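Okay, thanks for coming, everyone.

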Amino acid sequence: MKLNILGCYSATPRTFTNPTSQVLEINNHVFLIDCGEGTQVQLRKHKIKFNRIKHIFISHLHGDHFFGLVGLISTMRLLTRETDLHIHAPKGLKEVVTLQMKLANSWTNYNLYFHELTSKSSELIFEDDKVEVYTIPLDHRVYTNGFLFKEKEGDRKLDMNAVLNANIDVAYYRKLKQGFDVENNDGQLIKNETVTFPPEKPKSYAFCSDTAYKEDIVPIIKDVDVLYHESTFLEQHAHLAPKTKHSTAKEAASIAKQANAGTLLLGHYSTRYDDLNLFKTEAQEYFENVELADDGKVFEF
């Protein structure tokens, strides 16, 4: 599981900081999460191929989380993209994007699908044989979701020495990987656990951006491997959090602790702060394993 931070600051872009955008690589998928202004420039800068992105997830319709989308869609058209593109976003974004394309007479030459979100409860919004994606309802000034990405459990691994010693025909290897007991060439029933290893533990990633402190999300993200949680403010400005529907570093750490997360990744910092290490210091008073997102950083978990 690999996470590329393209941008992780709140409000307006600056010459040295970018608004929210991330690329999550998980089980052969490349997911774009939020698309703040300048995202396509960051994608080029970090050598992430546009055509590998087939699904984009937009948390909410504040500009610092989607103003880069129309430009990215347009560039994909100019690059003669042919692959389908799916956008999972709050209801209203389809209207914004299609109006722009209509007025510019710049319709895509690839299939563009909008999956509009309206539910205030967690729901499954994407699934294939390897990965599931769920919404995480958040508490912000407009309708907002986070996203939970979960690998499905993979096949069991063959213990080839044990398999060969058990005299099992190669035709049954697939069944073994799927967890079944099989008969060997001598007609004996071979227990699966005696000739296979358990699959690797599935990994999970939760993206929670732009939200007031919300304990309701804890059951949804319980035991997540990596939790990205916004931390717009330090404690000295904690009084601003409820007014703006944002969180502090300590509040993010509290959610991580309650959820038993493996790692807490902080981001969406207010640009009023110069020293990001203060966020980590405050969060670690409540939760030990804390990392700081920053533009251009890559995390592998």
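I'll start with the ground rules and then go to the pockets.

This is a predicted model, so local features need pLDDT of at least 70 and side-chain atom pairs count only at pLDDT 80 or more, while totals for chains, interfaces and linings use all residues. Residues are numbered from 1 along each chain as its sequence is written, and side-chain values use heavy atoms, with hydrogens and water left out.

On a 1 Å grid over the protein atoms alone, a pocket is an open set of points where a 1.4 Å probe fits, with protein on both sides within 12 Å along at least five of seven lines, and lining residues have an atom within 4 Å of a point. Volume here is the space filled by probe spheres set on those points, which are joined across faces, edges and corners.

The largest pocket holds about 210 Å³. It has 13 lining residues, and N27, E151, K152, G154 and E200 sit closest to its centre. Split by class (Ala, Val, Leu, Ile, Met, Phe, Trp, Tyr, Cys and Pro nonpolar; Asp, Glu, Lys and Arg charged; the others, Gly among them, polar), that lining is eight charged, three nonpolar and two polar.

The second largest pocket comes in at about 150 Å³. Its lining also counts 13 residues, with K150, P202, S204, K222 and D223 closest to the centre. Strand β9, residues 145–151, gives the most, three residues; strands are DSSP E runs of at least two, helices H or I runs of at least four, numbered from the N terminus.

Next, N4, in strand β1. Is N4 buried or exposed? Buried, at 6% relative accessibility; the cut-offs are under 20% for buried, over 50% for exposed and partly exposed in between, with a 1.4 Å probe and protein chains only. The N4 side chain makes a 3.4 Å polar contact with that of E25 (N or O atoms within 3.5 Å, one able to donate a hydrogen and the other to accept it; sequence neighbours count only if both atoms are side-chain atoms).

Last, the rings. Phe, Tyr and Trp (six-membered ring) pair if centres lie within 6.5 Å, with planes under 30 degrees apart stacked, over 60 edge-to-face and the rest tilted. That gives twelve aromatic pairs. Y269 and F279 have centres 4.9 Å apart and planes at 55 degrees, so they're tilted. Y273 and F279, at 5.2 Å and 85 degrees, are edge-to-face. F279 is buried at 0% relative accessibility, and Y273 is buried at 8%.
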